[in-house]
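Please open the model in your viewer and keep the sequence panel beside it, so that each selection can be followed in both places. The tour starts with a pair of elements and then steps back to the whole chain.

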Amino acid sequence: MNIATAEKSIVCDDVSTDSAISKINLSSTSSIIYCLGFQHAKHRSWQMDFLRKSGKGQASKYFGFRYIQTDLTARMLKIDEIAKGFIKSLGHNELSNLIAYTQGVNKALETERPAREFLAFDYSP
(Lines give C-alpha, C1' and ligand atoms only; values in the text may rest on other atoms or scores of the structure.)
Protein backbone atom coordinates (compact mmCIF):
# COMPACT_ATOMS: atom_id res chain seq x y z
CA MET A 1 0.00 0.00 0.00
CA ASN A 2 1.32 3.46 -0.86
CA ILE A 3 0.75 6.11 1.75
CA ALA A 4 1.52 9.71 0.87
CA THR A 5 2.56 11.98 3.72
CA ALA A 6 3.29 15.68 3.74
CA GLU A 7 7.00 14.91 3.50
CA LYS A 8 7.15 12.01 1.08
CA SER A 9 5.44 8.89 -0.14
CA ILE A 10 5.91 5.93 2.16
CA VAL A 11 5.33 2.47 0.78
CA CYS A 12 4.05 0.14 3.47
CA ASP A 13 4.70 -3.33 2.14
CA ASP A 14 1.78 -4.84 4.01
CA VAL A 15 1.90 -8.57 3.43
CA SER A 16 -0.68 -10.38 5.53
CA THR A 17 0.18 -13.94 6.41
CA ASP A 18 -2.20 -16.85 6.77
CA SER A 19 -2.43 -16.05 10.47
CA ALA A 20 -3.50 -12.43 9.71
CA ILE A 21 -0.21 -10.96 10.88
CA SER A 22 1.00 -7.95 8.91
CA LYS A 23 4.65 -7.85 7.91
CA ILE A 24 6.07 -4.41 7.21
CA ASN A 25 9.35 -4.11 5.32
CA LEU A 26 10.79 -0.60 5.22
CA SER A 27 14.22 0.97 5.25
CA SER A 28 13.89 3.90 7.69
CA THR A 29 12.85 3.93 11.32
CA SER A 30 10.39 6.79 10.82
CA SER A 31 8.70 4.93 7.95
CA ILE A 32 8.40 1.79 10.05
CA ILE A 33 6.91 3.74 12.95
CA TYR A 34 4.54 5.57 10.59
CA CYS A 35 3.30 2.27 9.15
CA LEU A 36 3.02 0.78 12.63
CA GLY A 37 0.71 3.65 13.60
CA PHE A 38 -1.25 3.13 10.39
CA GLN A 39 -1.67 -0.60 11.06
CA HIS A 40 -2.60 -0.06 14.71
CA ALA A 41 -5.31 2.42 13.75
CA LYS A 42 -6.49 0.27 10.85
CA HIS A 43 -6.99 -2.76 13.08
CA ARG A 44 -7.44 -1.29 16.57
CA SER A 45 -8.79 2.26 16.20
CA TRP A 46 -11.77 1.70 18.45
CA GLN A 47 -9.66 0.21 21.24
CA MET A 48 -7.17 3.07 20.91
CA ASP A 49 -9.94 5.66 21.11
CA PHE A 50 -11.63 3.91 24.04
CA LEU A 51 -8.36 3.91 26.01
CA ARG A 52 -7.77 7.58 25.15
CA LYS A 53 -11.24 8.55 26.36
CA SER A 54 -10.82 6.42 29.50
CA GLY A 55 -7.45 8.01 30.27
CA LYS A 56 -8.96 11.49 29.96
CA GLY A 57 -11.86 10.54 32.23
CA GLN A 58 -14.42 10.87 29.42
CA ALA A 59 -15.62 7.29 28.87
CA SER A 60 -19.02 7.77 30.51
CA LYS A 61 -19.79 10.64 28.11
CA TYR A 62 -19.75 8.14 25.24
CA PHE A 63 -20.46 4.78 26.84
CA GLY A 64 -22.84 5.52 29.67
CA PHE A 65 -23.23 5.61 33.41
CA ARG A 66 -21.36 2.37 34.09
CA TYR A 67 -18.06 4.14 33.25
CA ILE A 68 -18.38 6.94 35.81
CA GLN A 69 -16.12 5.15 38.31
CA THR A 70 -13.50 4.67 35.57
CA ASP A 71 -13.71 8.38 34.75
CA LEU A 72 -13.39 9.43 38.37
CA THR A 73 -10.39 7.17 38.89
CA ALA A 74 -8.64 8.48 35.76
CA ARG A 75 -9.26 12.06 36.83
CA MET A 76 -8.09 11.45 40.41
CA LEU A 77 -4.91 9.82 39.12
CA LYS A 78 -4.48 12.73 36.66
CA ILE A 79 -3.58 10.34 33.85
CA ASP A 80 -4.15 12.98 31.16
CA GLU A 81 -1.89 15.53 32.91
CA ILE A 82 0.82 12.92 33.43
CA ALA A 83 0.70 11.97 29.74
CA LYS A 84 1.03 15.61 28.68
CA GLY A 85 3.98 16.03 31.01
CA PHE A 86 5.58 12.91 29.61
CA ILE A 87 5.35 14.28 26.07
CA LYS A 88 7.06 17.51 27.17
CA SER A 89 9.96 15.46 28.56
CA LEU A 90 10.65 13.58 25.31
CA GLY A 91 13.88 14.14 23.43
CA HIS A 92 14.03 15.07 19.75
CA ASN A 93 14.25 11.46 18.47
CA GLU A 94 11.44 10.19 20.67
CA LEU A 95 9.22 13.12 19.72
CA SER A 96 9.97 12.55 16.01
CA ASN A 97 8.98 8.90 16.42
CA LEU A 98 5.77 9.85 18.21
CA ILE A 99 4.91 12.32 15.45
CA ALA A 100 5.53 9.67 12.76
CA TYR A 101 3.32 7.19 14.65
CA THR A 102 0.58 9.80 15.06
CA GLN A 103 0.71 10.70 11.36
CA GLY A 104 0.23 7.02 10.52
CA VAL A 105 -2.71 6.74 12.91
CA ASN A 106 -4.34 9.87 11.48
CA LYS A 107 -3.85 8.69 7.90
CA ALA A 108 -5.58 5.40 8.67
CA LEU A 109 -8.46 7.23 10.34
CA GLU A 110 -8.81 9.39 7.20
CA THR A 111 -8.56 6.61 4.62
CA GLU A 112 -9.81 3.37 6.17
CA ARG A 113 -13.35 2.26 6.97
CA PRO A 114 -14.32 3.04 10.56
CA ALA A 115 -14.44 0.16 13.01
CA ARG A 116 -17.86 -1.40 13.59
CA GLU A 117 -17.81 -0.19 17.18
CA PHE A 118 -17.86 3.44 16.05
CA LEU A 119 -21.00 2.70 14.08
CA ALA A 120 -22.57 0.79 16.98
CA PHE A 121 -21.93 3.64 19.44
CA ASP A 122 -22.76 6.26 16.78
CA TYR A 123 -19.68 8.46 17.13
CA SER A 124 -16.41 9.20 15.36
CA PRO A 125 -12.93 9.14 16.87
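Select helix α1 (residues 29-55) together with helix α5 (residues 92-111): their axes come within 7 Å and cross at roughly 50°, where an axis is a line fitted to C-alpha atoms over the stretch in contact and angles run from 0 to 180 degrees between N-to-C directions. That makes α1 oblique to α5, since angles under 35 degrees count as roughly parallel, over 145 as roughly antiparallel, 65 to 115 as roughly perpendicular and the rest as oblique.

On α1 the residues include I33, Y34, F38 and M48, and on α5 they include Y101, V105 and L109. The residues of this contact divide into 11 nonpolar, nine polar and two charged.

This is a predicted model, in which local features need pLDDT of at least 70 and side-chain atom pairs count only at pLDDT 80 or more, while totals for chains, interfaces and linings use all residues. Residues are numbered from 1 along each chain as its sequence is written, and side-chain values use heavy atoms, with hydrogens and water left out.

Now select the whole protein chain, which has six helices and four strands, taken as DSSP runs of H or I (at least four residues) and of E (at least two), numbered from the N terminus.

Finally, among contacts between residues at least 6 apart in sequence, 49% join residues at least 24 apart.

Definitions and conventions:
Contact means heavy atoms within 4.5 Å. Ala, Val, Leu, Ile, Met, Phe, Trp, Tyr, Cys and Pro count as nonpolar, Asp, Glu, Lys and Arg as charged, and the others, Gly among them, as polar.
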